[in-house]
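Me: Hi! I have a structure open and I'm new to it. Could you walk me through it?

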Amino acid sequence: MIGVAIITCNREDMYRVCIDSIHDDWYDELVTVNDGEAVQCTKGEYIETGGGVGVGMAKNTAMQHLLDKGCDYIILVEDDMRFKKDIFKAYIRASKITGIQHFMFGYHGPANKAGISGGKPIPRKVIDYGDQKIALNRHCVGAITFYTRKSLEEVGLHDEKYTN
């Protein structure tokens, strides 16, 4: 089962674009975890943290919720993302081919792109698995993170002191 969680905090306009861009046939479970003022949730489940618990705890709430729902693949999405195609199944495919249990999307913002404006991606290395290429980037960017159930059960959830 594929579980997707949107993490939001006081950015309802961005959240609305994000949730509207995620198609119903891309996931089995969808949950919004809100760590700020209430937002109008139009699909999936909705959890309010009470506000101000921080990124680590909000993401843990989402991951634990999706684990409890029986999800084998968990994708966390920050509210400023917009999707044009289903990349969730691409992460699952890459995990099955490579054996890698955790991925992070590396091209949100300028950290792993050429130029201040965020031009073309500049990975440090690309590993070719034949049917699958995996880019290794200098910076971790947590705008989209992919986990398998196995990785979360073996390693655990986020350090809740993590704030940004």
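Me: Great. What should I know about the model before we start?
Reply: This is a predicted model, where local features need pLDDT of at least 70 and side-chain atom pairs count only at pLDDT 80 or more, while totals for chains, interfaces and linings use all residues. Residues are numbered from 1 along each chain as its sequence is written, and side-chain values use heavy atoms, with hydrogens and water left out.

Me: Okay, how many helices and strands does the protein have?
Reply: There are four helices and eight strands. Both are DSSP runs numbered from the N terminus: helices are H or I with at least four residues, strands are E with at least two.

Me: And in what order do the elements run?
Reply: Starting at the N terminus, the order is β-α-β-β-α-β-α-β-β-β-β-α.

Me: How much of the protein is buried?
Reply: 41% of the 164 residues count as buried. Buried means under 20% relative accessible area, exposed over 50%, and partly exposed in between (1.4 Å probe, protein chains only).

Me: New topic: is strand 4 mostly covered or uncovered?
Reply: Mostly covered: strand 4 spans residues 73-78, and five of its six residues are buried.

Me: Which way do strand 1 and strand 4 run?
Reply: They run parallel, with six bridges joining strand 1 (residues 2-8) to strand 4. Valine 4 has isoleucine 75 in strand 4 as its bridge partner. For two strands to count as paired, DSSP must find at least two bridges between them.

Me: And how does strand 4 pair with strand 8?
Reply: That pairing is antiparallel, over five bridges, with strand 8 covering residues 144-148. Here valine 77 stands opposite isoleucine 144.

Me: Last one: where is isoleucine 134?
Reply: Isoleucine 134 sits in strand 7 (residues 133-136). Its relative accessible area is 10%, so isoleucine 134 is buried.

Me: What is isoleucine 134 in contact with?
Reply: Leaving aside neighbours within four places in sequence, its contacts (heavy atoms within 4.5 Å) include Ala94, Thr98, Ile100 and Phe103. The C-alpha atoms of isoleucine 134 and threonine 98 are separated by 8.8 Å, although these residues are 36 apart along the chain.
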